[in-house]
Amino acid sequence: LQKYLAENPAAREEWERDFKLKDDPRVTPIGKVLRRTSLDELPQIFNVLRGEMSLVGPRPVIQEELDKYYGETAKLYCTVKPGITGLWQVSGRSDTTYDERVAMDREYIQSRSFFGDVIILFKTIKVVLSGGGAY
C-alpha cells in the first residue's frame, strides 16, 4: 500500500482523506464482488455472537481514525459497541465524506433506539441489494 500511495499522489490524497481507496489495488476481483454485495461483512456475525459487536451501531474504527477524525466524538463513540450496519451504511456508505460519517455516528449514538435500529436493519437490506456506495 505504501509503495502504491507513494507512486500515486491522487490515491494518497484519497487515502488520507477517506481512509479508503475506491479502486484499491489490493482487492482481488472476487473481493470486489464480496464488497459490492456486502458478503464480506458476514463473518462479523461471529463477533456479534461473541458479544463484541452489535447488529446496528457505528462502524468499527481503529485508534488512529478516532484520533484523526473523531475529536470529542471519540469519547461518545467508545460508549457503544460497533455494529455490522448503521446509520452511515444506509445513508451513503463510502459515497459520503469522513466528516459526514463521524456526524452520522454521533447522531446515531445520541438518538439510538430499538425502533431506530429496526428501521436501519430494513434500510440495510435495500442498500445491500442496490449496491450503492459499496467499494
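Modeller: Helices α3 (29-36) and α4 (44-49) each supply at least two residues of the nonpolar patch, where helices are DSSP runs of H or I with at least four residues, numbered from the N terminus. The model is predicted, so that local features need pLDDT of at least 70 and side-chain atom pairs count only at pLDDT 80 or more, while totals for chains, interfaces and linings use all residues. Residues are numbered from 1 along each chain as its sequence is written, and side-chain values use heavy atoms, with hydrogens and water left out.

The patch covers about 870 Å² and is made by Ile30, Leu34, Leu39, Leu42, Ile45, Phe46, Leu49, Leu55 and Leu121. Such a patch is built from residues with over 30% relative accessible area and no salt bridge, nonpolar side chains (Val, Leu, Ile, Met, Phe, Trp, Tyr) being joined within 5 Å; a salt bridge is a side-chain nitrogen of Lys or Arg within 4 Å of a carboxyl oxygen of Asp or Glu, and the areas come from the Shrake-Rupley method with a 1.4 Å probe, with only the protein chains shown counting as cover for residues.

Helix α4 gives the most to the patch, with 3 residues. Isoleucine 45 is found in this helix, α4, and has a relative accessible area of 35%, which makes isoleucine 45 partly exposed, a class lying between buried (under 20%) and exposed (over 50%).

Technical notes
Patch = residues over 30% accessible without salt bridge, like charges linked within 9 Å, V, L, I, M, F, W, Y side chains within 5 Å. Buried < 20%, exposed > 50% of the residue type's maximum accessible area, 1.4 Å probe, protein only.
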